[in-house]
Amino acid sequence: MAALLRMVNRQQCARLVLLVTPRSVLRRHARLVARKWTCPHRRPGRPPKPEALRQLVLRLARENPGWGYRRINGELLGLGRKVGASTVWEILQKAGIDPAPQRTNQSWPVFLKAQASAIVATDLFHIDTVFLRRWFVLFFIDHGTRHVHIVGVTRHPTGPWSTQQTRNNLIPR
C-alpha cells in the first residue's frame with residue numbers, strides 16, 4: 001500500500017480519504033521486523049555466583065589462612081566444584097581477604113602445625129633379647145594426634161613385609 005501511494009502525487013493524495021498514512025504503514029512494518037529479529041534482552045556479563053559457592057570459598061579461606069586463591073581453587077576442584085581460579089580470586093577480593101597471603105612470614109613450626117594431621121612418620125627400631133637375639137619393630141607416628149602405632153615385629157624385616165604391615169595399618173579399625 002505504501003509503495004502504491006508513493007506513485008500518487010501529493011495533491012491527489014491529499015484529496016483521498018485514507019484510514020492510514022503511508023508513514024504509519026511503514027512504521028508498523030518496521031516494528032514487526034524489529035520484533036521478529038530482536039533477541040530477548042539479557043543483562044550484560046556473566047551470571048552471578050551462587051551464594052553457597054561464595055560461602056564455601058570464604059570458609060576455606062578463614063579456616064586455612066595459609067592458602068591462596070589457587071590452593072582454594074584446587075580444593076574446590078577436588079570437591080567436584082568446577083570454578084575458575086579468577087572467580088575464587090574475585091570472591092576473596094570482594095570480601096576483603098588477600099587472595100595470595102604472604103607465605104614468607106610463615107615459620108617452619110607454624111607450617112608443620114598446619115600440616116600435622118597429614119604427616120605420618122615411620123621407622124624401625126631393634127630390641128636385643130636376653131638370649132642375644134635381635135628383633136625389629138616397625139612403628140608409625142601420627143603427628144596430628146602424636147600417637148605411636150606399633151604395627152609389626154620380626155627377626156628379618158624385608159621390603160614386602162614392611163609394605164604389608166603399612167597396608168594393614170591403613171585399614172580403618
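Predicted model: local features only at pLDDT ≥ 70, side-chain atom pairs only at ≥ 80, totals over all residues.
Biologist: Which element of the chain has the highest mean pLDDT?
Modeller: The chain as a whole averages a pLDDT of 83. At least 70 is reached by 89% of the residues. Helix H1 (residues 2-7) has the lowest mean among the elements, 68. The highest, 93, belongs to strand S2 (residues 134-142).

Biologist: Leaving aside neighbours within four places in sequence, what is Leu-92 in contact with?
Modeller: Contact here means heavy atoms within 4.5 Å. Beyond its sequence neighbours, Leu-92 meets Val-57, Leu-58, Ala-61, Tyr-69, Ile-72, Ile-97 and Pro-99.

Biologist: Which element gives the most to the lining of the second largest pocket?
Modeller: The lining consists of Pro-48, Lys-49, Pro-50, Glu-51, Arg-54, Glu-90, Ile-91, Lys-94 and Ala-95. Helix H4 (51-63) and helix H6 (85-94) are the elements that give two or more residues. With three residues, the leading one is H6.

Biologist: How many charged residues are in that pocket's lining?
Modeller: The second largest pocket has about 170 Å³ of space. Glu-51, Arg-54 and Lys-94 are among its lining residues. By class, the lining has no polar residues and four nonpolar ones. The charged residues number five.

Methods: Residues numbered from 1 in each chain as written. Heavy atoms only, no water. 1 Å grid on protein atoms, 1.4 Å probe; cavity = no way out; pocket = protein on both sides within 12 Å on 5 of 7 lines; lining within 4 Å. Points joined across faces, edges and corners; volume = space filled by probe spheres on them. Helix = DSSP H or I, 4+ residues; strand = E, 2+ residues; numbered from the N terminus. Nonpolar A, V, L, I, M, F, W, Y, C, P; charged D, E, K, R; others polar. pLDDT = per-residue confidence, 0-100.
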